[in-house]
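I opened this notebook to record what I looked up in one structure. The entries go from the whole chain to the details.

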Amino acid sequence: MMKWDRERELKAINMRNMGETYKSIALQMGLSESSVKHKIRRLGQSDNQDKYKHTAEKTEIAKIFINSSHRNILETHSGFGGMTEFYNSFGEVEAYDIDKKRVDFVNDLGLEGVTCIKADSEKEIYRLVYHSCNYDLIDIDSYGMPSRYFPHSFNLIKDGLMFI
């Protein structure tokens with residue numbers, strides 16, 4: 001099976017923009033339909049396209065559960081800061097993202113009380129556990145396999161919330 005490179009990514013996006021289905025793109029490129037669908041979605045997310053975000057829905061659900069006692073917040077994937085900004089209205093936010101462009105975007109928002117760091121949050125979990133860090137709210141918003149954060153992330157929360 002063929003692998004992704006920038007040229008193939010651009011070709012897939014162009015084909016999708018021209019109305020091709022994921023299945024058609026996959027057949028023409030020698031890839032699985034699932035691979036094409038996920039790649040196009042991830043590329044859209046990395047460009048901060050609204051149709052690939054779920055910030056509004058997530059905020060509405062979070063409002064039901066979050067209150068003023070949730071002051072120390074860990075966000076494993078800040079993205080472009082949609083939820084980071086919301087969480088910041090409750091307390092201090094420690095946010096991670098692996099993409100420097102997204103980290104810079106969040107830091108440029110100038111949110112007081114937000115520390116956004118370029119790092120692999122999956123690896124940072126181990127460091128945070130080692131240093132006995134504790135959070136009132138943890139948002140594990142990984143794409144794909146949130147199970148990679150368990151059981152370690154449970155050691156970071158005593159009496160609080162975890163959004164997955």
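This is a predicted model: local features need pLDDT of at least 70, side-chain atom pairs count only at pLDDT 80 or more; totals for chains, interfaces and linings use all residues.

Residues are numbered from 1 along each chain as its sequence is written, and side-chain values use heavy atoms, without hydrogens and water.

**Chain.** I found seven helices and five strands, where helices (H or I, at least four residues) and strands (E, at least two) are DSSP runs numbered from the N terminus. Along the sequence they follow the pattern α-α-α-α-β-α-β-α-β-α-β-β. Of the 164 residues, 40% count as buried, meaning under 20% relative accessible area with a 1.4 Å probe and only protein chains considered; exposed is over 50%, and partly exposed lies in between.

**Sheet.** I looked up the strand order and found an open, parallel sheet, β3-β2-β1-β4-β5; two strands pair if DSSP finds at least two bridges between them. β3 (114-118) and β5 (157-163) stand at the edges with a single partner strand each, so one side of each has no neighbour in the sheet. I then checked β1 (residues 72-75) and β4 (residues 135-139), which pair over three bridges. Glu 75 has Asp 139 in β4 as its bridge partner.

**Helix α4.** Phe 65 lies in helix α4 (residues 55-65). I recorded Phe 65 as partly exposed, with a relative accessible area of 45%.
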